[in-house]
Amino acid sequence: MESVRKFGELHVPLRKDENIFYYGKCENVRDIALDYRRTILPAKKYFFRPVEPLMTFDTKKGYQPVEEDMDKKVVLFGIHPCEINSIRILDLVFGTDYIDNYYFNRRKNTAIVGLSCVPDDLCFCRSMGTDFAEDGFDLFLAELKEGYLVRVGTSRGDDMANGAKNLFRKPTDAELDEYKQRSNEILKKFTRSISTTDLPEILEMEYDSPQWKELGERCLGCGACSMICPTCYCFNVADEIALGTAGGVRKRTWDSCLFEDYALVAGGHNFRTNRAMRVKLRYLHKQKGFVDRYGRPSCVGCGRCINVCPAKIDVAEVINTIRGAVK
Amino acid sequence: MVKSDYLFQFRFEDPERAKHFTYRPGQFMMLSVIGTGEAPISICSTPTRPGIIEMCVRKVGRVTNHLYTIKENDLVGLRGPYGNGFPVEEMKGHDLLIIAGGLGMAPLRSLLNYALDNRNDYKRIILMYGTRSPQDILFRDELEALEKRQDIECMLTVDYAYDLPDVPKWHGNVGLLPELFSKVKLDARTTYAAVCGPPVVYKFVLAKLLERDFSKNRILMSLERKMKCSIGKCGHCSVGYKYTCIDGPIFTCWDAINLPEII
């Protein structure tokens, strides 16, 4: 692990409390919580920051770009396949049409070392096709009884492996068999699933379903689900004026479509004033809107939203109910 | 920056840039006023008259209120042009029916003047503009001058007209906007309709157009939503699965069918 520090500041999953984990700077490699399932905030916080200054302005110089250390190198260790897939989804969003350099500058300076995992009762990544990461990592470590089966994804990953040559060797046939066996066992461990077949169509058909109204009443509009979601990317842009001067900073912050003012325009008209409409928008966007625009659902089945919702709304349960609703 | 009531004109600091800047009718720009923030405003000038960008801005929120307080020749920030704009190439060789209600005249003025500047590219040009009262008419002088021209059928109407001391007397039509349809013969097969106005205008005008067998993709609407990034990322302007800032603001009636929340 220490050799990896050469490639950047090391950030790992750390334990905050009994079942609470977060990604943070690694002071001591013994602190790494290898058995974590999900962190509070997802890895997107490294590339798409919660608060991001975009530019400064004042009445004399106009609008100026922000000077920021874009060359800082970071290594993210221990990222699960669902998150690796979520980062690839965000790459699509920030890389299409207008390319977001704030995001990509950090992205290219961050190395990702993936780690395999075993699902718990909230995970449904298999249903979303994200329980396996084909690429998007520099190295991927799949746990075996003794050690890890390592996949090398990029040349940088190759450099990282070469930096600690004595830790790596070719796998034996028995170990390859063990990998396959574990893969089969993990398949059986999923207790939660949704079917995405025809889901965009079905969601559109159920547009006026009373289910949404019921959900709208339970939902508090707190936006927690958007904040901890690895693929939510809605943001707000606001100018902060420095007191006493004629200048300030324009900042980008995380936003949520569930907030009341999400579609509120000047003059007072709100295009989605009804909470049920906003909940419906979130589901429709993740499973239908995103599919129409980018070709795949943006949900990765990590289960964070189910874990964190104060109203105990369970996204898998909602989708299965909507699917099953027979008139 | 020059203004008169609600019409603002913007000049580039750098004349070189002014020469090369171009846009399409129907696009918008993000206007930044130092001290408040940014707001999306439609461009109401036409790209055929370059050098100056005109926008019709209503005083309705933080940014726009501040805009009204700054002085002539002060600096503002503009970013753009964004949006898809009207499909003017596709519309060539057809009749143009421009229907505006109230403030909806602003983005349509860009299309109207563009068409007039390229008069030979279009066949009939018909303008229907209805407002509540004569003092609500945008660009009143400009449009009343159009009534005198032979190459455009210009129909202005107001819902009601009272005699007021500082408003020029209204001699024109008094009646609701949709009623203008009975005064004109339209051939849906050769016409594109561009509509903009408050929701009630869309409701009645679209009904009239569909009654006359207009194809849904020949009916164009200019819509608006809350926008922050204007490049299809922040999510605020989403309508169904489309973004008003990149798939719009010009949508066809066909898009409206598939996007339930559009109007």
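This is a predicted model: local features need pLDDT of at least 70, side-chain atom pairs count only at pLDDT 80 or more; totals for chains, interfaces and linings use all residues.
Which residues are buried in α2(A)?

Okay, chain A first. It splits into domain 1, residues 2–189, and domain 2, residues 199–324. Between the C-alpha centres of those two domains of chain A you've got 25 Å. Where they touch, domain 1 of chain A puts in 32 residues and domain 2 of chain A puts in 26. On the domain 1 side of chain A, β3 (51–58) and α2 (81–95) each give at least two residues to that contact. And the make-up of that side is 21 nonpolar, six polar and five charged residues.

So, back to α2(A). The helix has 15 residues and runs 21 Å from first C-alpha to last, close to the 21 Å expected at 1.5 Å a residue. Eleven of the 15 residues are buried, so I'd call α2(A) mostly covered. Here's the list I promised: P81(A), C82(A), E83(A), I84(A), N85(A), S86(A), I87(A), I89(A), L90(A), V93(A) and F94(A). What's covering them? In chain A, the cover includes α1 (44–47), β5 (74–79), α3 (101–108) and β6 (110–115). After the helix comes D97(A), with a positive phi, near 60°.

Last thing, the chain contact. Chain B brings 25 residues to it and chain A brings 31. By class, chain B's side has nine nonpolar, ten polar and six charged residues. That's my tour, thanks.

Key
Residues are numbered from 1 along each chain as its sequence is written. Chains are lettered from A and ligands numbered from 1 in the order in which they are written. Domain bounds come from an automatic or database domain assignment. Two residues are in contact if their C-beta atoms, placed from the backbone, lie within 7 Å. Helices (H or I, at least four residues) and strands (E, at least two) are DSSP runs, numbered from the N terminus. Ala, Val, Leu, Ile, Met, Phe, Trp, Tyr, Cys and Pro count as nonpolar, Asp, Glu, Lys and Arg as charged, and the others, Gly among them, as polar. The expected span of a helix is 1.5 Å times one less than its number of residues. A residue is buried if 20 or more other C-beta atoms lie within 10 Å of its own, exposed if 12 or fewer, and partly exposed in between; C-beta atoms are placed from the backbone.
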